[in-house]
Amino acid sequence: MANINLKEITLIVGVVTACYWNSLFCGFVFDDVSAILDNKDLHPSTPLKTLFQNDFWGTPMSEERSHKSYRPLTVLTFRLNYLLSELKPMSYHLLNMIFHAVVSVIFLKVCKLFLDNKSSVIASLLFAVHPIHTEAVTGVVGRAELLSSIFFLAAFLSYTRSKGPDNSIIWTPIALTVFLVAVATLCKEQGITVVGICCVYEVFIAQGYTLPLLCTTAGQFLRGKGSIPFSMLQTLVKLIVLMFSTLLLVVIRVQVIQSQLPVFTRFDNPAAVSPTPTRQLTFNYLLPVNAWLLLNPSELCCDWTMGTIPLIESLLDIRNLATFTFFCFLGTLGVFSIRYSGDSSKTVLMALCLMALPFIPASNLFFPVGFVVAERVLYVPSMGFCILVAHGWQKISTKSLRQNKL
């Protein structure tokens, strides 16, 4: 694993500071009012244990009106800000900016696993300045994304050290990974999705398997013509341990939220209460909308609620072409990345995983969420986008260099 040097850290921190210095003079807006100004969990007079009994907004998890967003470690950092400056917003924004710089630096280390040094710096700088992060960094409640991302990336980096000599298993990094996943999840729910990324990394990157190889091996084993290689058995053991630990975290979280999902109104998410096929067509269309925001963040919005994106009520709606094109493009990249074992396919695969898996909890595809589009939830998925862009730049520049030599 390549190390990062002081020059690279200074460059990234300097760029983040230049981009977000003006945010230090902002106040509290939108959800900041409920999470900061109206949240008694920030006050020193409130017992610390209360933070672990209430949701992100200070409402007891047992109450029906609770948002069920269990993020006690993020609220704990708000409480630290309150101790330092009470309700003066500058310290809150400063800590957000620092966290974004930390994430950008750790992301550089992750990039160096899959890209060359120059491309890694480009990916990290693009991540540091991407306009889609404006809400997550300048909105104080966006700290949940920032803080969770720190432990998200740390968990992944820890897992990459779990493979020892001769493909042996090193258990200490795996145990540390599980701990960091738990911490990331206590900052924001999407932290748990790093487990899926670790599983993909283990199978297709660390072990170098491809989909045809896995299918061939499974077919031979089922027909009784061969046995599962020892290396695959070791991989299965690691994945079973990781998935069992994750399942345990999920069970605990379900107990914490009282086995209930939050209730949202039509204003929060109109498609969630719409009939079939309007609900499915609209939710699937929101995927290319979010992808387009990553590619062309020219029209950002502080509140994508009622009316900002009209519902798709017919199969003949022209916007369905965007959905079809998006899935075709994503499917093509996915098939390429799991069929071949080259470095390029591995990079594309990890980029796709970073884009897709952390976005699943906010996708509305499995359960409704309290928004139509929220730019802050693209904070982690944008990492995959930045890797794809840097990888494309690397391929184009390498090809141009070869042509010039000829």
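Lys-118 is exposed, with a relative accessible area of 57%, where exposed stands for over 50%, buried for under 20% and partly exposed for what lies in between, using a 1.4 Å probe and protein chains only. Lys-118 sits in helix H5, residues 117-129; helices here are DSSP runs of H or I with at least four residues, strands are runs of E with at least two, and both are numbered from the N terminus. Between the C-alpha atoms of Lys-118 and Phe-204, which are 86 residues apart along the chain, the separation is 24 Å.

Before I go on, a word on what you are looking at. This is a predicted model, in which local features need pLDDT of at least 70 and side-chain atom pairs count only at pLDDT 80 or more, while totals for chains, interfaces and linings use all residues. Residues are numbered from 1 along each chain as its sequence is written, and side-chain values use heavy atoms, with hydrogens and water left out.

Let me turn to the charged pairs. Side chains of opposite charge can pair when their charged atoms come close. How many salt bridges does the structure hold? There are 7, a salt bridge being a side-chain nitrogen of Lys or Arg within 4 Å of a carboxyl oxygen of Asp or Glu.

One of them joins the side chains of Arg-71 and Glu-189, at 3.1 Å from N to O. This pair links distant parts of the chain, 118 residues apart, with Arg-71 in the loop between helix H2 (31-37) and helix H3 (72-85), and Glu-189 in the loop between helix H8 (171-187) and helix H9 (194-206). Arg-71 is buried, at 11% relative accessible area, whereas Glu-189, at 22% relative accessibility, counts as partly exposed. Arg-71 and Glu-189 also belong, together with Arg-253, to a network of salt bridges.

Another salt bridge is formed by the side chains of Lys-188 and Glu-145, with 2.1 Å from N to O. Here, too, distant parts of the chain are linked, since Lys-188 is in the loop between H8 and H9 and Glu-145 is in helix H7 (residues 143-159), 43 residues apart. Are these two residues buried or exposed? Both Lys-188 and Glu-145 are buried.

A further salt bridge pairs Glu-202 with Lys-238, whose closest N and O atoms are 2.9 Å apart. Because Glu-202 lies in helix H9 and Lys-238 in helix H11 (residues 230-256), the pair ties together parts that are 36 residues apart in sequence. Glu-202 is buried, with a relative accessible area of 0%, and Lys-238 is buried as well, with 3%.

Helix H11 also holds Phe-230, which counts as exposed at 59% relative accessibility. Phe-230, Leu-233, Leu-236 and Ile-240 form a nonpolar patch on the surface, with about 410 Å² of accessible area together. Such areas come from the Shrake-Rupley method with a 1.4 Å probe, and for residues only the protein chains shown count as cover. Patches are made of residues with over 30% relative accessible area and no salt bridge, like charges being joined within 9 Å and nonpolar side chains (Val, Leu, Ile, Met, Phe, Trp, Tyr) within 5 Å.

Finally, some notes on the backbone. Most residues other than glycine have a negative phi, and most peptide bonds are trans. Which two residues are joined by a cis peptide bond? They are Thr-276 and Pro-277, with omega about 5°, and Pro-277 is found in the loop between H11 and H12. Phe-30 has a positive phi, near 50°, in a residue other than glycine; Phe-30 lies in the loop between helix H1 (6-20) and H2 and counts as exposed at 55% relative accessibility. Glu-86 likewise has a positive phi, of about 50°, although it is not a glycine. Glu-86 is placed in the loop between H3 and helix H4 (89-111), and at 51% relative accessibility Glu-86 counts as exposed.
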